[in-house]
Amino acid sequence: MVATNASGDIRWQTTLDVALANGKVNRMYLLPNGDLLCFGRYFQNNRALGLLFRLDAEDGALRWAKTYAGSSLDFYFNDLSVNATGTR
């Protein structure tokens, strides 16, 4: 992932865990403090699983990541709601 300034110059770039090599980010939200909340899916053992993670605004460092699996063969996020404070 890459973050740029208004001129298109790279501010930071980061490579995420191998899980995303077999998946994709569906949507990213800019939180009030500038962090990015991202969600999508990745594939493991021929199953689509949900992925939710947060990147630091300053350097793109991974703050945390969560994976989600349901009882069906495929489980991933199509959309996400974030409140005005970015806390829910």
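In which order do the 4 strands of the open sheet run, and with what pairing? The order is E3-E4-E5-E6, and the pairing is antiparallel. The structure described here is a predicted model.

**Sheet**

Two strands form the edges of this sheet, E3 at residues 23–30 and E6 at residues 62–68. Each of these edge strands pairs on one side only. From one strand to the next, the twist averages 20°.

One pairing can be followed in more detail. Strand E5, which spans residues 47–55, pairs with E6 in the antiparallel sense. Their pairing extends over 6 bridges. Within it, Leu 55 stands opposite Leu 62, a residue of E6.

| E3 | 23–30 |
| E6 | 62–68 |

**Chain**

What secondary structure elements does the chain have, and how many of each? There are 6 strands and 0 helices. Read from the N terminus on, the elements run β-β-β-β-β-β.

The remaining values describe the chain as a whole. Of its 88 residues, 28% count as buried, where buried means under 20% relative accessible area. The accessible surface of the chain is about 5,900 Å². Carbon and sulfur atoms account for 48% of that surface.

How values were computed:
Residues are numbered from 1 along each chain as its sequence is written. This is a predicted model: local features need pLDDT of at least 70, side-chain atom pairs count only at pLDDT 80 or more; totals for chains, interfaces and linings use all residues. Side-chain values use heavy atoms; hydrogens and water are left out. Two strands pair if DSSP finds at least two bridges between them. Axes are lines fitted to C-alpha atoms, for helices over the stretch in contact, and angles run from 0 to 180 degrees between N-to-C directions. Buried means under 20% relative accessible area, exposed over 50%, partly exposed in between (1.4 Å probe, protein chains only). Accessible areas come from the Shrake-Rupley method with a 1.4 Å probe; for residues, only the protein chains shown count as cover.
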